[in-house]
Amino acid sequence: MKIELLKTFLEVSRSLHFRIASENLFITQSAVSARIKLLEDDLGVLLFDRSKKHLKLTPEGHRLIKHANELIFMWQKTKQDVGITAQHSMQLVVGAKSTIWDIVLQNWLQKIHLNIEDVSLLTSTYSAPELRKSLLNRIIDIGFLFEPTFVGEIISEKVATVPLHLVTTDPDHMRNATPLNDFIMVDYGESITAQYLREFQDAPEAKHFMSQPKIALNFILEVGGAAYLPRQITFKYLSDNQLFLVENAPVFSRDIYANYLANNQKRETIEQALKLFPNIRQ
């Protein structure tokens with residue numbers, strides 16, 4: 001099965017339109033149709049319902065999305081690993097939830113590049129269950145989560161504690177600990193949501209819900225609002241008075257854990273990389 005067919009399928013599944021997919025892939029619409037037909041013939045199922053005006057994924061098409069993403073990532077991993085030159089002798093595959101990438105991992109990757117020779121990085125974003133499965137299946141070398149993984153062969157190490165502060169774009173509310181009507185709830189996991197609901201029982205429901213802190217940050221900088229955000233990504237805007245700290249609001253925090261297999265052949269390099277975190281394990 002060719003990877004190009006799977007990439008074409010994913011593009012069509014996102015746009016639900018052959019013409020738009022063809023423009024995004026820089027190929028003809030007939031080529032897109034032909035690739036989807038080849039993939040359907042190969043699998044022996046219909047992936048899209050073409051019977052109505054608008055294209056629609058079939059149940060089989062919905063199920064293929066996850067597998068297609070996994071296969072494409074594995075192909076990228078294989079190509080990179082096989083093609084590594086002598087000067088880059090090791091591939092380090094890192095996975096994390098999208099929220100964690102925003103908070104602490106960007107700078108950490110740069111430190112690996114600057115401080116550890118002979119390493120080629122490959123990164124990807126996963127949900128928590130997918131991360132654990134990928135670790136056990138040796139698809140990734142290090143998985144970052146908000147909680148440790150209690151599985152015998154997986155080592156979990158706390159690499160950072162992230163304080164979350166309530167910030168607002170309105171200086172008049174600097175000393176008002178009650179979130180405003182334009183409060184944005186950012187997804188830091190169930191424990192933070194539960195703490196927030198306990199502390200702000202009488203507050204109005206959040207106006208928006210966003211999966212990543214940087215999305216919430218950019219949103220409130222443009223249109224105003226308030227959100228709990230990591231100090232790491234708000235420092236510059238607080239200094240420039242684009243954001244203001246709500247002084248009386250409770251501060252929440254999330255621990256971040258690095259998870260890796262105890263018998264990973266790259267364990268020495270993994271541990272060397274983890275030592276580059278500024279607030280290393282306690």
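Residues are numbered from 1 along each chain as its sequence is written, and side-chain values use heavy atoms, with hydrogens and water left out. Because the model is predicted, local features need pLDDT of at least 70 and side-chain atom pairs count only at pLDDT 80 or more, while totals for chains, interfaces and linings use all residues.

Let's start inside. The largest nonpolar core has 56 residues. By nonpolar core I mean buried Ala, Val, Leu, Ile, Met, Phe, Trp, Tyr and Cys residues joined through side-chain atoms within 4.5 Å; buried is under 20% relative accessible area and exposed over 50%, with a 1.4 Å probe and protein chains only. Among the residues with the most contacts inside this core are Leu105, Trp108 and Phe144. Its largest share, eight residues, comes from helix α5 (residues 98–115); helices here are DSSP runs of H or I, at least four residues, and strands are E runs of at least two, numbered from the N terminus. A second, separate core of 18 residues includes Leu6 and Val32.

Now to helix α3. Which of its residues are buried? They are Val32, Ile36, Leu39 and Glu40. These four cover an arc (directions from the helix axis to the C-beta atoms) of only 100°, so they sit on the same side of α3. On the other side, Ser30 and Leu38 are exposed. Gly44 follows α3, with a positive phi near 75°.

Last, helix α9 (residues 231–239) buries Ile233, Thr234, Tyr237 and Leu238. Just after α9, Asn241 has a positive phi of about 60°.
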